[in-house]
Amino acid sequence: MFRAFRTVLMRDITLAMRRRTDVFTTLFFFIIVISLFPLGVGAEQQTLRFIAPGVAWIAALLASMLALERLFASDYADGTLEQMMLTPQPLAVLVLGKVAAHWLLTGLPLVLIAPLVGLQYYLPPDATRTLVLSLLVGTPVLSLIGAIGAALTLGLRGGGILISLLILPLYIPVLVYGAGAVMASGDELGNVQAYFLLLSAFLILALIFSPWATAAALRISVE
Amino acid sequence: MLDVHALTCERGDRILFESLSFSLAPGSLLYVEGRNGSGKTTLLRSLCGLFLPSAGEIRWQGEDIRRLGEDYRRHLLYLGHHNGIKLELTPQENLRVAATLDGEPATAAAIDEALARIGLRGFEDIPARMLSQGQKRRVALARLLLTGTRLWVLDEPFTALDVAAVEQLQEIIAAFIAEGGMVVLTTHQEVALTSGQIQHILLEG
């Protein structure tokens, strides 16, 4: 079972490495959205520091949304998805492999670039560290929840927009607690740990339920 | 042993076929015939468990395939309209992934041998996107040589193949049936089989 997980993970990473534009679009989208705010709102230090957590998290939300549409679409189009469904492996495990690859390629780069966001928005080092950590715990949740939406809208025309409508509301808790953690870290009385515990709880729940839900949705979509 | 009992499939509101029953014993070949849109592909997909029939039962060794799940899929190989290969990957990589996921990891030597037999010697490590339609189809067909499954469900396996490849595929199918395999096939061209029991189903849809 672990071998199947690893095979799918490595396969998707190899595929992405041979078609690198997909990886970079997400990252550049994130960077551009982040850079637009100082231009629109003004470069006043206090304002930027105040909006940074929300802006960074919303940009991360939208960026991870952007890549979701392609999560299953190409496998669906060339028939490899139905071949996966016909293997004697639990589909949920294969789904988890695909989602893990998706996160490594689109979520992890956002986490790694987050310190730059901190610099751009004059965040104190503490808050920057919290931002990185909250993205590290939160972005896998985004990928996991997003996979359900991607599976449900597979093969539909205009699926991309539909995913956003389905999934963005489900992202709200992650946004609230992710951005909340960063805000709390700038606060004297703020208890960052509580936010992280909640984010980790979301991650565990998503890890348990999302692969099964996604697998069920895929079976319906492929039919 | 594959048993189909009183199978009915609908697409949208249209009934494709009703109360279809047949059974397939080891060492036999089943042709599914019918004009375009008569439900051949739907029948094949139902046999694989990819399509949920509106009524009826499909049983493998006496057990419902939905209940068997992974234990049924272990015995099954399906080739559909799509080749099910990744164009960015080489034929070798495609087969390695497929074999590993099928639960029967294949050695590099076995994969190269299968590719050579199917006529892709020298194309093993070229991205599949560079191959012609017929060659892509051959990559998919190479799985037939690697797998140890008992039941092959092949949807139009001869499309895009040249005369030599068609002959070779016929030989592969005949050899598989001679060993006691089961094949369900849709095709518009007649296949000459030397051995084994042949059945026909006509979908009138």
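This report describes a predicted model with chains A and B.

## Ground rules

Local features need pLDDT of at least 70 and side-chain atom pairs count only at pLDDT 80 or more, while totals for chains, interfaces and linings use all residues. Residues are numbered from 1 along each chain as its sequence is written, and chains are lettered from A and ligands numbered from 1 in the order in which they are written.

## Chain B overall

Chain B holds 7 helices and 9 strands. These are DSSP runs numbered from the N terminus: helices are H or I with at least four residues, strands are E with at least two. The radius of gyration of chain B is 17 Å, close to the 17 Å from the globule rule for 205 residues, so chain B is as compact as a globular protein of that length. That radius is taken over C-alpha atoms, and the rule is 2.2 Å times the number of residues to the power 0.38. The C-alpha trace of chain B spans about 50 × 35 × 35 Å along its principal axes.

Of the 205 residues in chain B, 41% are buried. Buried means 20 or more other C-beta atoms within 10 Å of a residue's own; exposed means 12 or fewer, and partly exposed lies in between, with C-beta atoms placed from the backbone.

## The antiparallel sheet

Strands of a sheet pair through backbone hydrogen bonds, either parallel or antiparallel. Two strands count as paired if DSSP finds at least two bridges between them. One open sheet of chain B has 4 strands in the order β2-β1-β4-β5, with antiparallel pairing. Strands β2 (14–24) and β5 (63–64) of chain B stand at the edges with a single partner each, so one side of each has no neighbour in the sheet.

Strand β1 (residues 2–11) of chain B pairs with β4 (residues 55–60) of chain B over 5 bridges. In β4(B), B:Glu57 is the bridge partner of B:His5. Helix α1 (residues 40–48) of chain B packs on this sheet and touches β1, β2 and β4 of chain B. Contact means C-beta atoms, placed from the backbone, within 7 Å.

## The parallel sheet

A second topic is the open sheet of 5 strands in chain B, ordered β6-β7-β8-β3-β9 with parallel pairing. Its edges are β6 and β9 (197–202) of chain B, each with a single partner strand, so one side of each is left without a neighbour in the sheet.

β6(B) joins β7 (residues 151–155) of chain B over 4 bridges. Here B:Leu76 has B:Leu151 of β7(B) as its bridge partner. Helix α7 (residues 163–178) of chain B packs on the sheet, touching β3 (28–33), β7 and β8 (182–186) of chain B.

## Two helices in chain A

Helices α3 (residues 45–68) and α7 (residues 125–152) of chain A have axes that come within 10 Å and cross at roughly 35 degrees. Axes are lines fitted to C-alpha atoms, for helices over the stretch in contact, and angles run from 0 to 180 degrees between N-to-C directions. The residues of this contact divide into 10 nonpolar, 5 polar and no charged. Ala, Val, Leu, Ile, Met, Phe, Trp, Tyr, Cys and Pro count as nonpolar; Asp, Glu, Lys and Arg as charged; the others, Gly among them, as polar.

A:Gln45 sits in α3 of chain A. A:Gln45 is exposed, with 9 other C-beta atoms within 10 Å.

## Where the chains meet

The contact takes 23 residues from chain B and 22 residues from chain A. On the side of chain B, α4(B) gives the most, with 4 residues. By class, that side has 11 nonpolar, 6 polar and 6 charged residues.

Definitions and conventions: Two residues are in contact if their C-beta atoms, placed from the backbone, lie within 7 Å.
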